[in-house]
Amino acid sequence: WLPLESNPTILTKFAERVGLPKEWGFVDIWGLDKELLAFVPKPCAAVVLLFTSSKELKAFKEKQKEELTKKGQELSKKLFYITQHDGIGNACGTIATIHAMTNSQDLFKPEGVVKKFYDEWETKSPSDIGYGLLKAKDIQEVSEDAAESKDAQTATPDREESVAAHFIAFVHVDGTLYEMDGRKAFPINHGKTSNKTFLEDAAVVIKKNFFEVSPKGNFSLMALVKKPKE
């Protein structure tokens with residue numbers, strides 16, 4: 001798969017073509033301070049984070065996996081979680097977008113090919129869903145069109161080229177904030193949240209688990225929001 005760019009225009013166009021209702025779209029989050037978060041329209045259904053990998057983040061991920069495997073965590077049965085298998089290449093932007101769309105169903109219902117994919121795979125394991133995505137040519141075609149869009153601000157890397165940056169999503173399901181990273185062994189439960197406080201709660205987690213862990217890393221943030229009425 002070709003990698004998607006961290007660009008709200010591209011992500012919105014891709015999401016609309018695979019089934020995001022037209023009242024919703026992605027916008028930039030310019031920073032995690034309260035004043036900057038205030039610019040993000042509400043309601044906010046999901047947050048998408050693009051970050052460059054670093055040895056600090058890799059070590060943090062390993063430690064987190066070890067701790068959660070030992071003590072366990074509560075996960076909602078409503079979560080739709082996709083494992084990003086090695087054979088799928090640079091599909092993390094597509095996976096993060098699908099995670100955002102399929103785990104926001106108290107705010108909107110996905111349509112089109114994402115609804116079809118969700119209906120077909122919702123009862124299966126994250127690993128099986130990941131293999132299902134490998135076969136989902138209808139989603140891959142739209143994703144690659146988006147990656148090569150004229151709206152892209154950078155040249156599209158080769159599909160075989162390994163991209164150091166990785167997309168993940170944060171969602172709220174059943175009053176809980178979850179981190180959805182298809183490269184992790186499972187979703188991460190980050191505690192209680194609500195429609196009202198979700199953006200601020202996600203900001204706290206991202207600061208603590210990403211910005212502070214890897215202070216020299218590159219990060220880019222977008223929110224999936226209901227478009228303000230013009």
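Mentor: D174 counts as partly exposed because its relative accessibility is 48%, where buried means under 20% relative accessible area, exposed means over 50%, and partly exposed is in between, with a 1.4 Å probe and protein chains only. This is a predicted model, in which local features need pLDDT of at least 70 and side-chain atom pairs count only at pLDDT 80 or more, whereas totals for chains, interfaces and linings use all residues. Residues are numbered from 1 along each chain as its sequence is written, and side-chain values use heavy atoms, with hydrogens and water left out.

The position of D174 is the loop between β3 (165-173) and β4 (176-180); helices (H or I, at least four residues) and strands (E, at least two) are DSSP runs, numbered from the N terminus. Although D174 is not a glycine, it has a positive phi of about 55°. Most residues other than glycine have a negative phi, and most peptide bonds are trans. A cis peptide bond, with omega about 0°, joins K42 and P43, and P43 sits in the loop between α2 (34-37) and β2 (44-52).

Leaving aside neighbours within four places in sequence, L107 touches W24, P43, C44, A45, H172 and N195, a contact being heavy atoms within 4.5 Å. L107 itself is in the loop between α4 and α5, and its relative accessibility of 25% makes it count as partly exposed. Between L107 and K226 there are 9.2 Å from C-alpha to C-alpha, although the two are 119 residues apart in sequence.

W24 leads on to helix α1, for T12, which lies in that helix, is in contact with W24, G25 and F26 when neighbours within four places in sequence are left aside. With 11% relative accessibility, T12 counts as buried, and its C-alpha is 9.2 Å from that of K22, 10 residues away in sequence.

Two packed helices are described by the angle between their axes and the distance between the axes. Helix α1 (residues 8-18) packs against helix α4 (residues 92-102) at an angle of about 60°, with the axes 11 Å apart; axes are lines fitted to C-alpha atoms, for helices over the stretch in contact, and angles run from 0 to 180 degrees between N-to-C directions. That angle makes α1 oblique to α4, as angles under 35 degrees count as roughly parallel, over 145 as roughly antiparallel, 65 to 115 as roughly perpendicular and the rest as oblique. On the α1 side the contact is made by L11, F14, A15 and V18, and on the α4 side by T94, T97 and M101.

Helix α5 (residues 112-121) has V114, F117, Y118 and W121 buried. These residues cover an arc of only 100° around the axis, which puts them on the same side of α5, the arc being that of the directions from the helix axis to the C-beta atoms.

For the chain as a whole, there are 8 helices and 6 strands, and buried residues make up 50% of its 230 residues. Among contacts between residues at least 6 apart in sequence, 75% join residues at least 24 apart.
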